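Work through the two exercises below with the model open. Try each task before reading its solution.

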Amino acid sequence: MNEILSKIKMPAYVCEEAKVRANLEILKRVKDESGAKVLVALKGFAFSGVMGLVGEYLDGATCSGLHEAKFAQKHVRGEIHTYSPAFKDEDIDEVLALSKHVVFNSFAQWAKFKQKALAAGVTCGLRVNPELSVAPTDAYNPCGRYSRLGITRANFDADALDGITGLHFHALCEESAQSLETVLMAFEEKFGEFIPRMKWVNFGGGHHVTKEGYDVDLLINLIKNFREKYGVEVYIEPGEAVGWQTGFLAASVLDFVQNEKTIAILDVSAEAHMPDTVLMPYRPAVRGESKGGKFSYRFGGNTCLAGDIVGLDAGEPEYKFDAPLSVGDKVIFEDQIHYTIVKNTTFNGIKLPDLLLLKENGELVTVREFGFEEYERRN
């Protein structure tokens with residue numbers, strides 16, 4: 001790995017093919033043993049360099065709008081499912097042309113686009129809100145109070161289901177199979193009377209299937225039992241579970257500032273390149289850190305934002321090491337593939353990290369390089 005790191009031009013996201021395959025093997029087991037169809041959610045994981053591999057294992061992609069659907073058509077094999085809180089008039093024809101399934105967020109949207117969707121031969125569904133979630137924060141709770149995502153039971157129009165063949169719910173975020181079991185009970189309690197009229201049900205994403213300790217057997221049984229009970233096809237659409245622990249963000253130390261603490265200035269930014277560490281928030285692990293280390297640092301981003309300190313929002317900004325860091329040293333932030341490249345920004349004109357793929361044979365491949373052009377295009 002040291003030899004590989006020596007070849008990397010910082011900063012860069014490095015996705016490890018072998019780790020992606022290991023996650024896909026687990027998801028394929030779920031697919032094979034439960035009978036469910038498994039889609040990669042591009043909102044969480046859209047690394048183009050491994051989408052060919054994803055297509056060998058999963059059934060397609062779930063998309064959050066036109067651009068993700070176009071990405072799926074170009075890079076992902078299999079079915080394309082598209083959902084949006086609201087589709088735009090200028091996008092809908094292309095969305096319908098690209099997608100096998102389209103899920104509408106309201107009866108108003110369904111009524112507006114019903115004739116076009118049915119004429120296009122698209123399988124149509126509705127997103128519902130079971131009004132129960134165990135998501136860790138309000139920002140990631142799609143079923144929280146006042147949520148705009150999905151139709152609540154009080155607003156569900158049973159007389160407007162002609163042409164609808166499926167229901168979709170999404171209530172989880174990095175959650176267990178036990179959490180799904182709880183949500184599934186709420187979904188059946190509120191919408192169970194309509195399931196026999198459907199051909200499919202989508203259990204959404206947020207299933208932390210590839211995390212150590214996840215009860216894969218329970219997930220398989222929940223899906224099997226649901227399929228047998230209602231005679232419907234079941235979909236799940238994990239994104240983070242595909243990209244979980246599959247790579248890192250490599251940075252380098254540019255300078256040190258002393259101000260009561262030692263702050264190492266890096267060529268990456270928590271705000272711009274690791275956005276979920278700020279929004280979630282959480283403290284990303286750093287390779288080689290030591291809890292009992294004598295040398296303590298804060299890692300500051302190379303932007304003008306005062307709060308651009310890694311781990312600050314989680315209240316854990318101190319990183320300790322057994323040996324001191326020097327200018328030019330590499331700092332490796334672990335597990336920075338999912339929800340990073342899909343959400344990063346060029347704030348302050350800071351360079352986007354390149355996208356690299358470490359193949360199973362040890363070859364390091366550049367998938368994307370970024371420079372000034374990316375900043376200029378966005379402004």
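**Exercise 1.** Find the volume of the second largest pocket and state where it lies.

*Solution.* Step 1: the volume is about 600 Å³. A pocket is an open set of points on a 1 Å grid over the protein atoms alone, with protein on both sides within 12 Å along at least five of seven lines. The volume is the space filled by 1.4 Å probe spheres set on the points.

Step 2: 17 residues line the second largest pocket; Phe 71, Ile 341, Phe 370, Glu 374 and Arg 378 are the closest to its centre. Lining residues have an atom within 4 Å of a point.

Step 3: α4 (66-75) and α12 (372-377) each give two or more residues to this lining. α4 gives the most, with 3 residues.

Step 4: the lining divides into 7 nonpolar, 4 polar and 6 charged residues.

Step 5: domain 1 (1-13 + 246-377) and domain 2 (17-242) both contribute to the lining, so the pocket lies between them.

The model is predicted: local features need pLDDT of at least 70 and side-chain atom pairs pLDDT 80 or more, while totals for chains, interfaces and linings use all residues. Numbering runs from 1 along each chain as its sequence is written, and side-chain values use heavy atoms, without hydrogens and water.

**Exercise 2.** How many disulfides (cysteine sulfur pairs within 2.5 Å) does the whole structure hold?

*Solution.* Step 1: the search finds 0.

Step 2: check Cys 124. The nearest cysteine sulfur, in Cys 63, is 16 Å away. Cys 124 is buried (under 20% relative accessible area), at 1%.

Step 3: check Cys 143. The sulfur of Cys 173 is its nearest, 12 Å away. Cys 143 is buried too, at 8%.

Definitions and conventions. Disulfide = S-S within 2.5 Å. Buried < 20%, exposed > 50% of the residue type's maximum accessible area, 1.4 Å probe, protein only. Helix = DSSP H or I, 4+ residues; strand = E, 2+ residues; numbered from the N terminus. Nonpolar A, V, L, I, M, F, W, Y, C, P; charged D, E, K, R; others polar. Domains from an automatic or database assignment.
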